[in-house]
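Thanks for coming, everyone. Please have a look at it first.

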Amino acid sequence: MDAFIRFTNQTQGRDRLFRATQYTCMLLRYLLEPKADNEKVVMKLKKLESSVSTGRKWFRLGNVVHALQATQQSVRATDLVPRICLTLASLNRVIYFICDTVLFVRSTGLASGVNKEKWRRWAARYYYYSLLLSLVRDLYEVSLQMKQVAHDRAKREKSPSQDTLGYSVADEETEWLQSFLLLLFHSLKRHPPLFLDTVKNFCDILNPLDQLGIYKSNPGIIGLGGLVSSVAGIITVAYPQMKLKTQ
């Protein structure tokens, strides 16, 4: 109970719970909409989703400052690739939160002259850039982990490699794919924060891809991706050691 209280006392913790609720409603609404006798339930889910989305906007009002702080931290990264990717990702996130704030002010009626669709598209574009750069950083970290796992395995293996002269080309391709997937599995298994961050960014990017028309999805896929991403975010907030650190 104490851990739950500490979690909900954090702004990020409350936002993750609201986000999980929002995307759960989206997923359930998509699953229930084809059935005609579920119209009332679908309408309630739609209203709850809208209310939760509005509530989350309040939690995001101060995120510009957090994104600027993240930019300062990423500049100090020792590795060049993460430093560039994370710095650019944070800068794009700053612009995204500015656009998001403008949209929130517009929704309150204080700036009715704001072009909602234009600012929404800008927000989606910079959110997409931020996630894409974060995924590049994740893939770079995954490649480093895979090299380390392969190096450790090579040191442990003392027996000579098997003669591959009897394999066909198809066998070699199948064996290569299996080895690659096994190597990837062990790399992510030994580094859970990297696994969570990769899954989170991959699931998050589905939404801006759909909004920008790059890759169209349905509300069910976006809802499922958002829910998985929210669960990953809840884990990193509840257990800070599971958050991928900037080195």
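Start with Lys216. Lys216 is exposed, at a relative accessible area of 57%. For the cut-offs: buried means under 20% relative accessible area, exposed means over 50%, and partly exposed is in between, with a 1.4 Å probe and protein chains only.

Before I go on, a word on the source. This is a predicted model, where local features need pLDDT of at least 70, side-chain atom pairs count only at pLDDT 80 or more, and totals for chains, interfaces and linings use all residues. Residues are numbered from 1 along each chain as its sequence is written, and side-chain values use heavy atoms, with hydrogens and water left out.

Back to Lys216. What does its side chain meet in a salt bridge? Asp210, at 3.7 Å, N to O. A salt bridge here is a side-chain nitrogen of Lys or Arg within 4 Å of a carboxyl oxygen of Asp or Glu. Asp210 counts as buried, at 14% relative accessibility. Salt bridges with shared partners also join Arg19, Lys200 and Asp204 into one network. The structure holds nine salt bridges. Side chains of opposite charge can pair when their charged atoms come close.

Glu33 and Arg29 meet through their side chains at 3.5 Å, N to O. Glu33 is partly exposed, with a relative accessible area of 43%. Arg29 counts as buried, at 15% relative accessibility. Asp15 and Arg16 also form a salt bridge, at 3.5 Å, N to O. Here both partners, Asp15 and Arg16, are buried.

Now the helices. The protein has ten helices and zero strands. Both are DSSP runs numbered from the N terminus: helices are H or I with at least four residues, strands are E with at least two. Helix α2 covers residues 11–32. It has 22 residues and reaches 31 Å from first C-alpha to last, close to the expected 32 Å. Expected span is 1.5 Å times one less than the number of residues. Buried residues in α2 include Gly13, Arg19, Tyr23 and Leu27. Helix α5 has 28 residues and reaches 40 Å, close to the 40 Å expected. After α5 comes Gly109, with a positive phi near 90°.

Next, the inside. The largest nonpolar core has 16 residues. A nonpolar core is a set of buried Ala, Val, Leu, Ile, Met, Phe, Trp, Tyr and Cys residues joined through side-chain atoms within 4.5 Å. Which members touch the most others? Tyr96, Phe97, Ala123, Tyr128 and Ile205. Helices α4, α5 and α6 each supply at least two residues of this core. α6 gives the most, with six. Apart from this core lies another, of seven residues, among them Met146 and Leu244.

Last, the surface. Leu80, Ile84, Leu88 and Leu91 form a nonpolar patch with about 340 Å² of accessible area together. Patch residues have over 30% relative accessible area and no salt bridge; like charges are joined within 9 Å, nonpolar side chains (Val, Leu, Ile, Met, Phe, Trp, Tyr) within 5 Å. Areas come from the Shrake-Rupley method with a 1.4 Å probe; for residues, only the protein chains shown count as cover. Leu91 sits in α5. At 40% relative accessibility, Leu91 counts as partly exposed.
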